[in-house]
Amino acid sequence: MTYFDQLETRSADERLAAQMDGLRAQLRAVQGLRGYRDSLAFIDPSEIGDLSDLALLPVLRKSEIGEAQGRVSPLGGFTAKPASGFAHIFQSPGPIYEPGEVSHDWWRMGRFLHAAGIGQGDIVQNCFGYHLTPAGMIFENGARAVGAAVLPAGVGQTELQVRAAADVGTTAYAGTPDYLKVILDKAEEMGVALKIKKAAVGGGALFPSLRQEYADRGISCLQCYATADLGNIAYESPAMEGMIVDEGVIVEIVRPGTGIPVAEGEVGEVIVTTLNPDYPLIRFATGDLSAVMTGTSPCGRTNMRIKGWMGRADQTTKIKGMFVRPEQVAQLVAKHPEVTKARVIALREGEMDVMRVQIEGGTDAATYEGSVAEVLKLKGIVECVPVGSLPNDGKVIDDQRNYG
């Protein structure tokens with residue numbers, strides 16, 4: 001077995017020493033950044049003696065970055081250089097703006113693509129979006145790091161995707177877990193044979209039944225856990241026993257809302273400290289749930305493993321690769337005075353994510369379809385239900401998908 005680099009097989013002591021050096025360097029750097037002026041300016045990096053001391057530092061939430069960006073445009077004072085100093089500036093829902101670079105493996109996605117068997121000689125059909133949001137560039141940057149060529153396909157126009165895959169001879173797919181099936185099914189319908197044998201997916205849950213369907217079609221499919229702010233956080237290897245934490249981040253699992261680490265194996269919120277000097281995020285709260293796994297991966301990589309994405313610490317839910325947030329549901333209700341309550345339900349039908357939106361107080365579902373697409377940024381099945389029929393449980397987003 002080959003590895004992306006020697007960092008993956010370091011001893012625990014070697015890794016800890018490097019992480020502590022990187023952490024102290026980040027803490028020294030952020031003291032000069034406006035975004036950290038009120039939270040970390042008076043921290044003495046030399047007093048951080050162990051990774052457990054991270055719990056003494058405040059948790060940074062995405063909403064705080066958004067608020068800071070409203071005051072210190074456009075990156076909120078959290079970056080080591082101005083917005084004009086980066087190769088790209090991206091926009092995520094909120095809106096929140098994130099920087100991006102094109103230097104070698106800046107997002108640390110190459111490590112995951114290497115584990116997925118993608119490298120020189122491969123042509124990757126990159127079906128992540130390239131417009132405003134960073135996923136397309138994140139995976140393209142990783143493909144360059146492993147020497148693979150990229151077909152920058154983006155999302156949609158499935159027939160053209162099939163034709164391009166056949167004509168170019170793409171051997172690997174990068175995108176959300178669901179969309180590869182859409183391409184494969186369309187190729188069968190068109191009678192076109194494709195050469196895709198590898199898949200590197202993210203942006204949504206890879207359900208076991210869908211992974212098995214790809215395996216039955218001769219495609220090895222692995223997933224990663226990444227965000228627009230942090231890049232790659234953790235990834236699967238061919239051992240497929242949990243997700244291995246990336247070498248460029250420090251991951252903690254804490255009790256949601258507290259920042260206090262939980263016991264090994266206990267489910268909590270994923271908190272990430274990135275060692276990227278360009279965008280030094282210290283104890284960044286992802287809002288995602290996971291748990292630490294004991295031991296190390298059978299593949300030989302020695303870093304900590306987590307169980308992967310296990311839901312959200314709040315009700316925010318990812319559907320078809322897009323986050324749907326409680327505040328968006330509130331905006332939908334406010335848009336229509338006759339609507340008293342709304343509930344978004346995430347389902348799986350035929351290996352695809354489906355969004356159903358139940359609306360109390362409405363009479364014609366078609367009236368709300370445009371608002372749902374506009375406010376939630378996704379098309380969904382709209383149902384009008386009687387007033388008082390939705391449960392009085394405070395839940396506005398109900399994820400009914402089975403992650404087993």
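Predicted model: local features only at pLDDT ≥ 70, side-chain atom pairs only at ≥ 80, totals over all residues.

**Helix pairs**

- Two packed helices are described by the angle between their axes and the distance between the axes.
- Start with helix 6 (residues 177-190) and helix 7 (residues 208-216): their axes lie 11 Å apart, and the packing angle is about 40 degrees. That makes helix 6 oblique to helix 7, and the crossing of helix 6 and helix 7 is left-handed.
- Which residues in helix 6 and helix 7 meet? On the helix 6 side you'll find Pro-177, Asp-178, Leu-180, Lys-181 and Leu-184, and they meet Leu-210, Glu-213 and Tyr-214 in helix 7. Sorted by class, this contact of helix 6 with helix 7 has five nonpolar and three charged residues, with no polar ones.
- Helix 6 also packs with helix 5 (residues 158-168), where the axes come within 9 Å and cross at roughly 75 degrees. Helix 5 and helix 6 are therefore roughly perpendicular to each other.
- In that pairing, helix 5 brings Thr-158, Glu-159, Gln-161, Val-162 and Arg-163, while helix 6 brings Tyr-179, Val-182, Ile-183, Lys-186, Ala-187 and Met-190. The contact of helix 5 with helix 6 counts six nonpolar, two polar and three charged residues.
- The crossing of helix 8 and helix 9 is right-handed.
- By class, the contact of helix 8 with helix 9 splits into five nonpolar, three polar and two charged residues.

**The second largest pocket**

- The second largest pocket takes up a volume of about 650 Å³. It has 31 lining residues, and the closest to its centre are Leu-51, Val-251, Glu-264, Val-292 and Met-304.
- Helix 1 (12-30), strand 11 (249-254) and strand 14 (292-293) are the elements that give two or more residues to the lining of the second largest pocket.
- Which element gives the largest share of the lining of the second largest pocket? That's strand 11, with five residues.
- By class, the lining of the second largest pocket has 16 nonpolar, nine polar and six charged residues.

**The cavity**

- How many cavities of 30 Å³ or more does a search of the whole structure find? The search turns up one.
- The largest cavity holds about 60 Å³ of space. Its lining is made of Trp-106, Trp-107, Arg-108, Asp-229, Leu-230, Gly-231, Thr-274, Asn-276 and Tyr-279.
- Of the residues lining the largest cavity, four are nonpolar, three polar and two charged.

- As background, most residues other than glycine have a negative phi, and most peptide bonds are trans.
- Gly-94 and Pro-95 are joined by a cis peptide bond, with omega at about -10 degrees. To find Pro-95, look in the loop between strand 2 (88-92) and strand 3 (96-100).
- Asp-105 isn't a glycine, yet it has a positive phi of about 50 degrees. Asp-105 sits in the loop between strand 3 and helix 3 (110-115).

Notes:
Residues numbered from 1 in each chain as written. Heavy atoms only, no water. Axes fitted to C-alpha atoms, helices over the stretch in contact; angles between N-to-C directions. Helix = DSSP H or I, 4+ residues; strand = E, 2+ residues; numbered from the N terminus. Parallel < 35°, antiparallel > 145°, perpendicular 65-115°, else oblique. Left-handed = near helix turned anticlockwise from the far one by under 90°. Contact = heavy atoms within 4.5 Å. Nonpolar A, V, L, I, M, F, W, Y, C, P; charged D, E, K, R; others polar. 1 Å grid on protein atoms, 1.4 Å probe; cavity = no way out; pocket = protein on both sides within 12 Å on 5 of 7 lines; lining within 4 Å. Points joined across faces, edges and corners; volume = space filled by probe spheres on them.
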